[in-house]
Amino acid sequence: MNKFSSICAILFLEENKLTSPKDIKKRIGIDFKHEALLKLAITHSSYVNEYPAIAPESNERLEFLGDAILGMIIAEHLYLKFPEQAEGELTGFRASLVCTTTLAEIAKTIDLGNYLLLGKGEESSGGRNKDANLAGALEALVAAVYLDKGLEPTRGFILKLFETVMEKPGEQGSCVDFKSRLQQIFQARKGEAKETPVYYIVEETGPDHKRVFTAEVKVRETLLGRGSGKSKKIAETEAAKAAIEKLK
């Protein structure tokens with residue numbers, strides 16, 4: 001039995017879940033070869049904390065991979081679809097499509113919240129409807145599809161999910177992507193002032209199930225901003241937000 005199969009056998013033995021693997025696969029239209037990847041994609045860290053013997057790993061690593069895959073495929077599509085748009089405009093389009101609010105709304109179209117494996121505390125606090133949980137699970141699902149099916153099926157899966165919002169990128173008005181906004185500020189500058197902000201995770205505190213990350217954003221050696229959050233992504237966003245406030 002390979003790694004994926006052994007994890008799958010453990011995870012799917014648990015009873016009384018809201019859904020079955022068959023339900024999820026039917027809903028998203030993907031027939032997974034390695035069902036453990038699908039299960040992992042919907043496993044929140046709070047569930048791992050409460051049931052470590054059943055679920056030894058959360059979807060956070062998949063979320064990391066899915067974020068990169070999603071960004072690449074969306075960027076490629078925008079590049080080909082809008083040949084007349086400048087770099088800054090394309091950056092804004094992409095930011096509006098991959099921000100937490102948009103990802104959460106797309107996750108709701110496939111009822112992803114109903115499939116999440118959550119700890120009791122997260123469940124009772126409305127975790128199935130939290131934008132951060134939905135967006136993270138969607139990114140993890142993208143990574144799971146990629147690892148199971150490869151790049152081309154993943155591209156088709158993403159473009160189908162994003163078909164409606166892709167028609168009018170940039171109109172997701174409630175999205176504020178501070179990292180992209182900070183990058184745009186520096187892209188608009190000329191000469192040596194046109195630099196790319198770089199993010200660093202400078203501190204990690206707390207137990208494994210309640211980690212707090214601290215990030216700094218710099219241009220060359222100049223510190224622009226610092227921020228903290230329960231994930232590296234949130235910490236970097238907070239650092240970018242602080243940098244923008246400082247630059248005003």
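A salt bridge is a side-chain nitrogen of Lys or Arg within 4 Å of a carboxyl oxygen of Asp or Glu. The model is predicted: local features need pLDDT of at least 70, side-chain atom pairs count only at pLDDT 80 or more, and totals for chains, interfaces and linings use all residues. Residues are numbered from 1 along each chain as its sequence is written, and side-chain values use heavy atoms, with hydrogens and water left out. In total, the structure holds 18 salt bridges.

**Pairs and their accessibility**

- K130 pairs with E122 in a salt bridge whose closest N and O atoms are 3.0 Å apart.
- By relative accessible area (buried under 20%, exposed over 50%, partly exposed in between; 1.4 Å probe, protein chains only), E122 is buried at 15%, while K130 is partly exposed at 31%.
- E57 and R61 form a salt bridge, with 3.3 Å between the closest N and O atoms.
- R61 is exposed, at 65% relative accessibility, and E57 is partly exposed, at 33%.

**A pair between strands**

- R226 and E203 meet through their side chains in a salt bridge of 3.9 Å, N to O.
- This pair links distant parts of the chain, 23 residues apart: R226 lies in strand β3 (residues 222–229) and E203 in strand β1 (residues 198–205).
- Strands here are DSSP runs (E, at least two residues), numbered from the N terminus.
- R226 is partly exposed at 44% relative accessibility, and E203 is partly exposed at 37%.

**A network**

- Salt bridges link K25, D31 and E35 in a network.

Key:
Helices (H or I, at least four residues) and strands (E, at least two) are DSSP runs, numbered from the N terminus.
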